[in-house]
Amino acid sequence: MEQLLSVVVSVYNEEQALPLFYQTARPILESLSWDYELIFVNDGSADGSLGILKKLAAENPKVKVASFSRNFGHEAAMIAGLDYAKGDAIVCMDADLQHPPECLPEIIEKIEGGSGVISMVRTKNASAGLVKNITSAAFYKLINTLSDVKFEPNASDFFAVSRPAADVLRSNYREKVRFLRGYVQNIGFHKTTIEYEAHDRVAGESKYSIRKLFAFSVNTILCFSNLPLKLGIYAGIFAALMGVAVMVYTLCTRQGAPSGYATIVILNCFMFAILFVLVGIIGEYIAILFSELKDRPIYIVEEKENLN
């Protein structure tokens, strides 16, 4: 029986990029030794993306479309694609051609060689500025320091998994606050990497603002590390050491208790700053727990094309 490759493509306001993506990807998919299905997940696009996807689905039954009732986010779109995919291997990628479809034959080769998880690692991102590249590197260094799980630096939302690995993601990794590419690297299986050079975005602009990237980074750290919760212990030890230092200073100078309004104000401000930071961290963890307890759906599909 011919094996099936499922390619999941998240779409959010990509009407300018979709025709070129399809024209680029289809010949490559047709040339593979595997059969394929091309699953587009429309993440509540406000432009003409859905109309283009419906037209492609009408022309090619291997093109399948799931359209959300509203914008649920890029990660929700990838999860929906994994849920609907029927392939022996599943590839998740973006529609703006920064994730090159030319990598698909090599991905198939790795899957046939026994790999269960393939992380696509960027060697170069021409469209990202210096600041974004530096912050991305700093993020991976920080999360690898804080977390027991070690992430592949510069791994992206472009990845591939075998059917058994996808089954694990479908069944067991259903958090409402999530970091899918981290889960992919955390589930085990035989893992390998493929390096690629990110192309220029063919149309549109990045959907991640600085605010969204910051919130995404915070959620990722909280999902994979409980070290921030332990900061209270470290802060307490630090405060105790400061107290000992003040006591030693007092005894050595024989001046009794330290005097001075400025000293008292600075110490109070410092200690309250630590306290409020810790309260804020605990609040973020409680917010994640609250999201999980509400158990609202990760996504809602309003329309489907060529999907059972």
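Start by selecting Ile108 with whatever surrounds it. Setting aside neighbours up to four places along the sequence, Ile108 is in contact with Leu5, Leu32 and Trp34, where contact means heavy atoms within 4.5 Å. Draw a distance to Leu5: the two C-alpha atoms are 8.3 Å apart, although 103 residues separate Ile108 and Leu5 in sequence. Ile108 sits in helix H4 and, at 5% relative accessibility, counts as buried. Buried here is under 20% relative accessible area, exposed is over 50%, and partly exposed is in between, with a 1.4 Å probe and protein chains only as cover. Helices (H or I, at least four residues) and strands (E, at least two) are DSSP runs, numbered from the N terminus.

A word on what you're looking at. This is a predicted model, in which local features need pLDDT of at least 70 and side-chain atom pairs count only at pLDDT 80 or more, while totals for chains, interfaces and linings use all residues. Residues are numbered from 1 along each chain as its sequence is written, and side-chain values use heavy atoms, with hydrogens and water left out.

Now zoom out and colour by secondary structure. The protein has 10 helices and eight strands, and 43% of its 308 residues are buried. Among contacts with a separation of 6 or more, 84% are between residues 24 or more positions apart.

Next, select residues 18-31 (H1) and 49-59 (H2). How do these two helices cross? Their axes come within 10 Å and cross at roughly 30°. That makes H1 roughly parallel to H2, since angles under 35 degrees count as roughly parallel. The axes are lines fitted to C-alpha atoms over the stretch in contact, and angles run from 0 to 180 degrees between N-to-C directions. Show side chains at the meeting place: Leu18, Pro19 and Tyr22 come from H1, facing Ser49, Ile52, Leu53 and Leu56 from H2. By type, the residues of this contact are six nonpolar, one polar and no charged.

Beyond residues up to four places away in sequence, Phe40 touches Val9, Val11, Leu18, Phe21, Leu53, Val63, Lys64, Val65 and Ala66. Phe40 also belongs to the largest nonpolar core, of 38 residues, and is listed with Leu5, Val9, Leu29, Leu38 and Ile107 as touching the most other members. A nonpolar core is a set of buried Ala, Val, Leu, Ile, Met, Phe, Trp, Tyr and Cys residues joined through side-chain atoms within 4.5 Å. H1 gives this core its largest share, six residues. Apart from it lies another core, of 30 residues, including Ile39, Ala77, Tyr299 and Leu307.

For the next stop, select helix H3, residues 74-84. Is H3 mostly covered or mostly uncovered? It is mostly covered, with 10 of its 11 residues buried. Tyr84 is in this helix and, at 18% relative accessibility, counts as buried. Leaving out residues up to four places away, Tyr84 touches Glu37, Ile39, Ala66, Tyr299, Val301, Lys304, Leu307 and Asn308.

Hop to Thr192 in strand S7 (residues 191-198). Thr192 is buried at 17% relative accessible area, and beyond residues up to four places away it touches Lys110, Ser115, Val117, Ile118 and Ser119.

Most residues other than glycine have a negative phi. Asn13 has a phi near 55°; this residue lies in the loop between strand S1 (4-11) and H1 and is partly exposed at 26%. Leu97 is another non-glycine with a positive phi, about 70°. Look for Leu97 in the loop between strand S4 (89-94) and helix H4 (104-112), buried at 7%.

Technical notes
Angles under 35 degrees count as roughly parallel, over 145 as roughly antiparallel, 65 to 115 as roughly perpendicular and the rest as oblique. Ala, Val, Leu, Ile, Met, Phe, Trp, Tyr, Cys and Pro count as nonpolar, Asp, Glu, Lys and Arg as charged, and the others, Gly among them, as polar.
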